[in-house]
Every structure is written in C-alpha cells, then in structure tokens.
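Hi,

Here is the structure I promised to pass on.

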Amino acid sequence: MPSPSVGRSLIVAGLAMSGAAVAVASLESPPAPPAPTGHLILQVEGDAAALHVTRITKKADPCGVARTASHYTIVVRDAGGRELSRTPLDLSAFDLDPARIGGALRVEGCVVKDPHVATLASVPCWPTASSLEILAGNVRLGELTAARYAQLVAAGERR
C-alpha cells in the first residue's frame, strides 16, 4: 500500500494533468498543537446538574496519566475550538443522582457520598488552550469560556 504522501502526490499529479486547480495545503493535516507545558490543577465544584471550575493552579511538572475510566470528562480546546485533550474526571466518590441535588449526605454502611461535588482534577497545560468544558457523556455540565479560562489561569493559586 503506498504511503499517504505518495497517494497525495498521485492525486495532485492526476488533477494537474486534467487541468483542475488544487490546493495542496487542503490535502495536508492541520499542524499538531505544541506539546503541553506542565499541567493545570482544576478545583471543580457543583452537583449532578452543573459543574464549575472555581480555581486553576498551574504546575510545571508534566500531567500524570489518568488511571480511571469515567463517564465524566474534561475537554480542553484551543481558540479555534479544536480539541487538545480529553481527560477522565473521576466523580465516583460523589452522589450524582439528579433527584438528590441539594440533599443530605447518603450513608451506606461505611461509604459516605455527598451530592455536592468539590474535587481536584489535573489536565495538561497546553500553550494554545483557550477554553474547557466538563461533560457527562455528551451532555455539557460546565464550561470555561476563553475570557474566564484566561482569568483563572492568570490568577493562579491563591494562598
């Protein structure tokens, strides 16, 4: 099987011979984003209906590998809306039954689950990142617009 670049060359040559104009750039893949420069620690709060990032702390160390699969994910995007990363968000310690929003702690034996989410999550720090969203499957539970994302990154850790 010929390589993709050989295939593109053959297509371009064939179109050129037929007199059709073609933009070679349109056949190329978009450039890869620059590598992450450390990671961001996100403070995530909310409940089963909505999750909010309330603080972001930037760290120079690389982001660790997510070891847990989850129905919840954090998607980081650049200014053009291109997805830079998708990181699982482990919320298994919380009571995410929509019927229990605002309710009391749920105790089952020695397990205590709170319907109010307050947790930390780490995502790669992409130099071109502009926004992020928190998803439950395909449902958006939270979003940081470009302006709010920039504001929280700039504010950094407050002690």
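A quick definition before the findings: I call it a salt bridge when a side-chain nitrogen of Lys or Arg is within 4 Å of a carboxyl oxygen of Asp or Glu. Bear in mind that this is a predicted model, where local features need pLDDT of at least 70, side-chain atom pairs count only at pLDDT 80 or more, and totals for chains, interfaces and linings use all residues. Residues are numbered from 1 along each chain as its sequence is written, and side-chain values use heavy atoms, with hydrogens and water left out.

With that definition, the whole structure has eight salt bridges. Arg-77, Glu-133, Arg-140 and Glu-143 are tied together in a network of them. Within it, Glu-133 and Arg-140 meet with their closest N and O atoms 2.8 Å apart. Glu-133 counts as buried because its relative accessibility is 9%, the classes being buried under 20% relative accessible area, exposed over 50% and partly exposed in between (1.4 Å probe, protein chains only). Arg-140 is partly exposed at 47%.

Now the overall layout. The chain has two helices and nine strands, taken as DSSP runs (H or I of at least four residues for helices, E of at least two for strands) and numbered from the N terminus. In sequence order the pattern is α-β-β-β-β-β-β-β-β-β-α. Of the 159 residues, 30% count as buried.

The part I'd look at next is an open sheet of four strands, in the order 4-3-8-9 and with antiparallel pairing. Strand 4 (83-88) and strand 9 (139-144) are the edges; each has a single partner strand, so one side of each has no neighbour in the sheet. From one strand to the next the twist averages 20 degrees, with axes being lines fitted to C-alpha atoms (for helices over the stretch in contact) and angles running from 0 to 180 degrees between N-to-C directions.

Strands count as paired if DSSP finds at least two bridges between them. Strand 3 (residues 72-78) pairs with strand 8 over seven bridges, and Asp-78 has Ala-129 as its bridge partner there. On strand 3's pairing with strand 4 there are five bridges, with Ile-74 opposite Thr-87. These two strands form a hairpin with four residues between them, and Gly-81 in the turn has a positive phi of about 90 degrees. Strand 3 is mostly covered, with six of its seven residues buried.

Strand 8 (residues 129-136) and strand 9 are antiparallel and share five bridges, one of them pairing Ala-136 with Val-139. Helix 2 (residues 146-155) lies across both strands, at about 105 degrees to strand 8.

Asp-95 and Arg-106 have their closest N and O atoms 3.2 Å apart. Asp-95 sits in the loop between strand 4 and strand 5, and Arg-106 in strand 5, eleven residues apart. Which of the classes does Asp-95 fall into, buried or exposed? Asp-95 is buried, because its relative accessibility is 3%, whereas Arg-106 is partly exposed at 26%.

Finally, Val-107 lies in strand 5 (residues 106-108) and counts as exposed at 56% relative accessibility.

Cheers

Key. Contact = heavy atoms within 4.5 Å.
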